[in-house]
Amino acid sequence: MYKRLIIKGLALAALSLLLCSGECSKEQIGYTIPSPSAGTGTGGTSGGNGNGGGTGTGGGTGTGTGTETGTLCTDIGQKPIVLAYFTEYTEELPDVTRLTHINYAHGRFGNPKTGDGGIVITESKQAPLRQVVALKSQNPKLKVMLMIGGWGAHADGFSMMARDAAKRTAFCKAVKAHIDNYKLDGVDIDWEYPTQSADNETGCDPSDTRNFNLVLKELRETLGTGKIISFASSSSAKYVDWKTAMQYLDYVNVMTYDMGAAPNGHNSPLHKGVKFTHRSWDESVQAHVSGGVPKERMVMGVPFYGKAEKNPSEADKVFVDSKGKVGYSIKYKDIVPIVNEGKYMGVTVNRKLHRVWDAQSMVPYLADESGRNVLSYDDPDSVEAKGLYVKNGGLLGAMFWEYRGDTSGHDLLKSLVKALYGKDTVL
């Protein structure tokens, strides 16, 4: 028995070296020989969100209340969820007294055009992944996951990996290796989006939706029921076969932002408005429910940034920095000086602006003297409304993109936590 395990371990190590092809760091070569008692059992079959109390040969756990036998994590962490996306660009460690979950970004394919080569993690120099995980000493209930993927070219590799059985297996093992190595609590898959080419950069195929389910199934089999698997979903709820995917996904991070932009929309409206009538949080929730995602397994997205006009005409350029760069996606911490001082990145804006509160959509925007929307954004008032929407609507929690977008005083995060918990921290 042990001889076979040693041979299997050597084979896996050889596979990791082959997949890396000289591009992997030592952190990527971390496959371990499984314990002889690592079985997870067959579990129960009744309804709920746990998984069964196994009858296999190993350490199966659970309450026997799983909707799908042995396919969901037994401990997704504290509720309601307050989840931060935390990127390599962040220059400080997060305040984990106000967070229950962190998705650390970015993990990407070593060979994005072919979907192999291992998973490469780009880390913040000031807040590397191990130091973020170590913050569990301050908040023992904190869950830290690795986020893989992103928008546009960041998602390159998923389609090519998902359509190839050998690459799917290698991907799942690479994810497990990182989780084991860094002592993480799971993984967040940010494939934007199956069957679609974001900004004409990402490889895609009509088979992506079906193949995504194959990835999720094997990923759950590889990670077991002790780790979280989540997915960052389009606010449209398109591109995924939810009824199948939710057998393996613990929850969905719904990207209820980028739904509109100035001058003709709101970035993240809570409700459909009168002035701007595009998709809202309400409609996104309903689209996911209709597709097969229970409300109690949705984590709703709050943007810590605003959206100005993309590619404005010369006459409509409002936010221009000292180097002549025009602002489009603007962090909240850079919006505050615009509102309070009329300055963007230290440069006085070229017109008088005033805040307008859309009482129907429950979000603000900045308008010029003609009433034209020049920047749609969220502030503490709209974030509070969204937190209360989550709390009162039976949703699992709220997430935000991204941690570094907030002010140094964490004004948006404080507002979100206060709405969800009725106090200043999650502890």
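Tutor: A residue is called buried here when its relative accessible area is under 20%, and exposed when that area is over 50%. The model is a predicted one. By that cut-off, the buried residues of helix H8, which covers residues 332–341, are Tyr332, Ile335 and Ile338. Looking down the axis of H8, these buried residues fall within an arc of 105°, so they line one face of the helix. The general rule is that an α-helix has 3.6 residues a turn, so residues three or four places apart point the same way. The face of H8 turned away from the buried side carries the exposed residues Asn340 and Glu341. After H8 comes Gly342, with a positive phi near 75°.

An open sheet is formed by 5 strands in the order E10-E9-E15-E14-E13, with antiparallel pairing. Strand E10 (329–331) and strand E13 (353–358) stand at the edges with a single partner strand each, so one side of each has no neighbour in the sheet. From one strand to the next, the twist averages 30°. Within this sheet, strand E9 (residues 305–308) pairs with strand E15 (residues 373–376) in the antiparallel sense, over 2 bridges. Ala308 has Leu375 of E15 as its bridge partner. H8 packs on the sheet and touches E9, E10, E13, strand E14 (363–368) and E15. The direction of H8 makes about 85° with that of E10.

That leaves the backbone geometry elsewhere in the chain. As background, most residues other than glycine have a negative phi, and most peptide bonds are trans. Ala105 and His106 are joined by a cis peptide bond with omega about 10°, and His106 is found in strand E2 (residues 101–111). The peptide bond from Ala262 to Pro263 is also cis, with omega near 5°. Pro263 lies in the loop between strand E7 (251–255) and helix H7 (281–291).

The loop between E7 and H7 also holds Asp258, a residue other than glycine with a positive phi, near 60°. Asp258 is partly exposed, at a relative accessible area of 45%. Ala237 has a positive phi as well, near 70°, and is placed in the loop between strand E6 (228–234) and helix H6 (242–245). Ala237 counts as buried, with 11% relative accessibility.

Key
Residues are numbered from 1 along each chain as its sequence is written. This is a predicted model: local features need pLDDT of at least 70, side-chain atom pairs count only at pLDDT 80 or more; totals for chains, interfaces and linings use all residues. Side-chain values use heavy atoms; hydrogens and water are left out. Buried means under 20% relative accessible area, exposed over 50%, partly exposed in between (1.4 Å probe, protein chains only). Helices (H or I, at least four residues) and strands (E, at least two) are DSSP runs, numbered from the N terminus. The arc is that of the directions from the helix axis to the C-beta atoms. Two strands pair if DSSP finds at least two bridges between them. Axes are lines fitted to C-alpha atoms, for helices over the stretch in contact, and angles run from 0 to 180 degrees between N-to-C directions. Contact means heavy atoms within 4.5 Å.
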